[in-house]
Amino acid sequence: MKAITIHQPWATLIAVGAKQYETRGWATKYRGPIAIHASKKDPHDMMQSLPHDVQRLMYEQIYDRLGISSGALKRMPTGCVIATANLSNCFKSVDTWTDGYELEGHRLVYSPEYEFGDFSPGRYAWELTDVQQLPEPIPAKGQQRLWNWEPEGGVVFEKI
């Protein structure tokens, strides 16, 4: 299965269904099942580097979708696969507008989605559908770009 390594808290936002697009500076022609791997980078450091209004939006989404009121950072595993999804499309970001960003094909990205990625014109939004959070994270060493992940122990995932 193809995989992509994503820093926390963005990996968790995808896993809980709060983030539909992963933004990258490069396009991909790959379409199909993809594993969402949370990098080993400390989520505390990543969160502290963000503006306070973005931190608040992230926490609100995670608290709401996990049904919790605190402890979100402790629930963000690192160095493991935390979800699977279907990489269904890759759109180029073409413009900004008052309430968000426009992707090719006149797709509009609104808040809070646009706060969860870099949709600057010229970048790419990878559309993730059918996201399934794993019941338990599976430790794995990540890599840059798309990479092949084969879970140990013969874990099999249904095709998405």
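Predicted model: local features only at pLDDT ≥ 70, side-chain atom pairs only at ≥ 80, totals over all residues.
Helices (H or I, at least four residues) and strands (E, at least two) are DSSP runs, numbered from the N terminus.

**Helix H3**
- H3 covers residues 52–66, so to speak 15 residues, and reaches 21 Å from first C-alpha to last, close to the 21 Å expected at 1.5 Å a residue; that expected span is 1.5 Å times one less than the number of residues.
- Its buried residues (under 20% relative accessible area; exposed is over 50%, partly exposed in between, with a 1.4 Å probe and protein chains only) are Val54, Gln55, Leu57, Met58, Tyr59, Gln61 and Ile62.
- An α-helix has 3.6 residues a turn, so residues three or four places apart point the same way.
- Among the elements covering the buried residues of H3 are helix H1 (10–15) and helix H2 (43–48).

**Cis peptide bonds**
- Going from Gln8 to Pro9, the peptide bond is cis, with omega near 10°; Pro9 sits in the loop between strand E1 (2–6) and H1.
- Ser111 and Pro112 are also joined by a cis bond, with omega about 5°, and Pro112 belongs to the loop between strand E6 (107–109) and strand E7 (124–139).

**Positive phi outside glycine**
- His106 isn't a glycine, yet its phi is positive at about 60°. You'll find His106 in the loop between strand E5 (100–103) and E6, exposed at a relative accessible area of 67%.
- Arg145, another non-glycine, has a positive phi near 60°. Arg145 is in the loop between E7 and strand E8 (147–148) and is partly exposed, at 48% relative accessible area.

**His37 and its surroundings**
- The His37 side chain reaches the backbone oxygen of Ala140 at 2.8 Å and the backbone nitrogen of Gly142 at 3.5 Å.
- Setting aside neighbours within four places in sequence, the contacts of His37 (heavy atoms within 4.5 Å) include Ile4, Thr5, Ile6, Gly79, Cys80, Val81 and Trp147.

How values were computed: Residues numbered from 1 in each chain as written. Heavy atoms only, no water. Polar contact = N/O pair within 3.5 Å; in protein donor to acceptor, adjacent residues only side chain to side chain.
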